[in-house]
Amino acid sequence: MVLAGGLSPERNVSLSTGTMVAEALQSLGHQAALVDMYFGVESAGPELAGLFGAPVDQAGRKVSRQAPDLQEVRSSRKGTSPSLFGPGVLELCAMADLVFLALHGSCGEDGRVQAAFDLMGIPYTGAGYLGSAIAMDKDMTKRLVEDVVNTPGWKTVSYTAADIDGLVATARLPLVVKPVASGSSIGVSIARTAEELREALTAGLALGGRTVLEQYVSGRELQVAILEDRALPSIEIIPKQGFYDYENKYQPGAATEVCPAEIPPEAEARLREAAVRVYETLGLSVYSRADFILDADGEPWFLEINTLPGMTPTSLVPQEASAVGIGYEELCQRIVEASLKARREGR
């Protein structure tokens, strides 16, 4: 079972990941079904079994330039159920040998789905519920890892529109403004002026008003994937304009990606060691991807870690795996096998 979509600002990214993963698993001989977690299926009862191995819909393969309007997504689902699981989804998941979580963001990557599946005895891919929940919260993650890796100074604020003037007046710019629990760089901006900070905080109200104000560290953007508890070669991201935001992540050609990154061996070793330390500190398993800034002195600064990293046509983990001879299909298979092992071991 490949579970994608859901109700998150990252649902379009998730659908792209799910489409590619389902295709890869089917090519390996698995009877894989791709289902949108939020919309579910129209079939019921015995008919559900017929969805396993059905042709994969290609509609979700390409990621649109803009994040989806979630209110529009909600209004397009039939019925009034408040459940984030659409009709037939839990029944399908219970029928499967394993659920491959192709979900991203607050609907699927924050531990709630993992906890539900643990209670139901449904095996799934990736980290367990607790590590997933911690890693999704940027503030909690930084609190736990600040003693084992370098991470930029930060302040987490919960605010309303009435608080913005005071936050702007006391800020030490430049700052990186991030929603506490979001991914794919949605809602992330670099504020170099008071007006840019005001705009970023105002926009952050729509994402809940709980925001990390992080010290801006100048340097090269590098990311390190972990697969089966080991770091893969780092990859450098060089956006053609701006920083590595939502559009630059998912539009082909918007950024140059170099893997392995062209950095000194000493810096590469420090990056990989830091990524593994974060992964182990948070109690993660199977795979993940950690984001860093490498400063002019070759020092890595940890930013965040993703427990269900993207597997889209432009995603980074498949590129890092490819650098050590692991193709896309093999990567999916190794995630499947490592996840089954992790669930058996209670991780």
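## Exercises on cores and salt bridges

In this predicted model, Glu 330 has a relative accessible area of 36% and is therefore partly exposed.

**Exercise 1.** Determine which residue Glu 330 pairs with in a salt bridge, and how the two are placed along their helix.

*Solution.* Begin with the side chain of Glu 330, which meets that of Arg 334 in a salt bridge with an N to O distance of 3.7 Å. This falls inside the limit, since a salt bridge requires the side-chain nitrogen to be within 4 Å of the carboxyl oxygen. Next, consider the positions: both residues belong to helix H12, and because they are four residues apart they are separated by about one helical turn. Finally, Arg 334 has a relative accessible area of 25%, so this residue is partly exposed as well.

**Exercise 2.** Decide whether Arg 272 and Glu 268 are buried, partly exposed or exposed, and describe how they are paired.

*Solution.* The cut-offs come first: under 20% relative accessible area means buried, over 50% means exposed, and values in between mean partly exposed. Arg 272, at 30% relative accessibility, therefore counts as partly exposed, whereas Glu 268, at 11%, counts as buried. The side chains of these two residues meet in a salt bridge of 2.7 Å, taken from N to O. Both lie in helix H10, which covers residues 265-281, and they are four residues apart, about one turn of the helix.

**Exercise 3.** Find the residues with the most contacts inside the largest nonpolar core, and follow one of them to its surroundings.

*Solution.* The largest nonpolar core has 54 residues, and those with the most contacts inside it are Met 1, Leu 3, Val 99, Leu 101 and Phe 117. Its largest share, seven residues, comes from helix H12, residues 328-344. Taking Met 1 as the example, and leaving aside neighbours within four places in sequence, its contacts include Ala 33, Val 35, Phe 52, Leu 92 and Val 99. A second, separate core of 25 residues includes Ala 127, Ala 267, Ala 274 and Val 278.

Conventions: Residues are numbered from 1 along each chain as its sequence is written. This is a predicted model: local features need pLDDT of at least 70, side-chain atom pairs count only at pLDDT 80 or more; totals for chains, interfaces and linings use all residues. Side-chain values use heavy atoms; hydrogens and water are left out. A nonpolar core is a set of buried Ala, Val, Leu, Ile, Met, Phe, Trp, Tyr and Cys residues joined through side-chain atoms within 4.5 Å. Buried means under 20% relative accessible area, exposed over 50%, partly exposed in between (1.4 Å probe, protein chains only). Contact means heavy atoms within 4.5 Å.
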